[in-house]
Amino acid sequence: MWVKTAFGPKWGFTSSWLLWVQMFPSMVMIASTLCPLFGVMIGQDQLGDNHWFTLAFIIVFYWLITLLNLKFDMAKIGGAIGIWLGVYLPMGLMFILGLAAFLKRGLDPHSMLVAFSLHGTIPSLTDTKSLQYVSAVAFIFTGISTTGVYAPRLKKVTHDFPLGLLLALTVVVLLNLVNAFLIANVIPAGSDQLDNIAEPVIRYCQVLGWPSWLAQVFSLLAFLGVALQLSTWVTGPSQMMAEVAKDGLLPAK
């Protein structure tokens with residue numbers, strides 16, 4: 001609707017089509033995080049390294065959320081329940097554990113923070129490795145426009161929708177910055193790559209000497225969060241295409 005109003009029906013269709021097409025590979029990438037979480041959740045961490053199991057998991061899960069969206073208002077369920085169970089609680093748990101580990105260990109000279117400086121927090125345009133991580137972080141926010149399809153549900157859309165986006169962006173940026181600092185303090189300097197969302201929590205428990213079931217609880221909560229958010233994101237672009245069809249911008253056949 002925004003693009004159509006500004007540039008006409010043809011570009012309105014084009015933007016909706018491009019969002020719909022790019023959603024498939026990007027959502028598969030995000031869905032791939034579910035398998036390692038599931039493995040930690042049931043105490044079988046090695047499942048996250050099995051590519052065939054991950055592929056089967058993604059396919060089955062995609063069809064599951066598609067069928068659920070046909071029967072239930074998953075966007076409403078995700079907004080009411082998923083944001084608390086799947087975002088605030090696991091992020092809070094990760095932050096508390098990370099802060100406790102930081103207070104116990106202090107700034108670890110053998111961690112990735114060994115060369116930490118405020119100047120280093122600004123990405124260098126000449127460092128391709130730095131830009132690689134910036135692009136990955138920037139990608140997180142590229143789908144925020146798809147939430148526009150839910151704007152008509154709001155009572156005071158001109159007030160609530162921009163305010164909601166602003167608050168969401170602010171919270172996400174702050175939480176990511178603080179958690180990244182705490183996580184980097186328990187990751188040894190070198191070439192370590194985190195391939196599991198729950199891995200920082202596992203390392204925090206090891207530093208603190210706390211039970212490993214905390215990582216399993218975190219994995220369960222994070223799994224719910226990713227699942228419910230995926231459900232919302234998958235249907236958003238499809239609803240856009242439905243609106244495009246209602247406007248007569250798709251061939252009837």
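**Overall layout.** I'm working from a predicted model. I started with the secondary structure, which comes to nine helices and zero strands. Read from the N terminus, the order is α-α-α-α-α-α-α-α-α. I then took the box along the principal axes, and the C-alpha atoms fill roughly 60 × 40 × 35 Å.

**Helix H9.** How many residues does H9 have? I count 34, covering residues 213-246. From first C-alpha to last, H9 reaches 50 Å, close to the 50 Å expected at 1.5 Å a residue. I also checked what comes just after H9, and there Gly248 takes a positive phi of about 75 degrees.

**H3 against H9.** Next I looked at H3, residues 34-41. Its axis comes within 8 Å of the H9 axis, and the two cross at roughly 150 degrees. Angles over 145 degrees count as roughly antiparallel, so that is how H3 runs relative to H9. I noted the crossing as left-handed. Which residues make the contact? On the H3 side I have Leu34, Leu37, Phe38, Val40 and Met41. On the H9 side I listed Ala215, Gln216, Ser219, Leu220, Ala222, Phe223, Val226, Ala227 and Leu230. Sorted by class, this contact has twelve nonpolar residues, two polar and no charged ones.

**H3 against H4.** I stayed with H3 and turned to H4, residues 51-71. Here the axes are 9 Å apart and the packing angle is about 105 degrees. From H3 I found Leu34, Cys35 and Phe38 in the contact, meeting Phe53, Thr54, Phe57 and Phe61 of H4. The class count for H3 with H4 is six nonpolar, one polar and no charged. Leu34 and Phe38 turn up in my H9 list and also in my H4 list.

**Salt bridges.** I searched the whole structure and got four salt bridges. I followed up the one in which the side chains of Lys4 and Asp247 meet, at 2.8 Å from N to O. Where do the two partners lie? Lys4 is in H1 (residues 2-7) and Asp247 is in the segment after H9, so the pair ties together parts that are 243 residues apart in sequence. Gly248, with its positive phi, is also just after H9.

Methods:
Residues are numbered from 1 along each chain as its sequence is written. This is a predicted model: local features need pLDDT of at least 70, side-chain atom pairs count only at pLDDT 80 or more; totals for chains, interfaces and linings use all residues. Side-chain values use heavy atoms; hydrogens and water are left out. Helices (H or I, at least four residues) and strands (E, at least two) are DSSP runs, numbered from the N terminus. The expected span of a helix is 1.5 Å times one less than its number of residues. Axes are lines fitted to C-alpha atoms, for helices over the stretch in contact, and angles run from 0 to 180 degrees between N-to-C directions. Angles under 35 degrees count as roughly parallel, over 145 as roughly antiparallel, 65 to 115 as roughly perpendicular and the rest as oblique. A crossing is left-handed if the near helix is turned anticlockwise from the far one by less than a right angle, and right-handed if clockwise. Contact means heavy atoms within 4.5 Å. Ala, Val, Leu, Ile, Met, Phe, Trp, Tyr, Cys and Pro count as nonpolar, Asp, Glu, Lys and Arg as charged, and the others, Gly among them, as polar.
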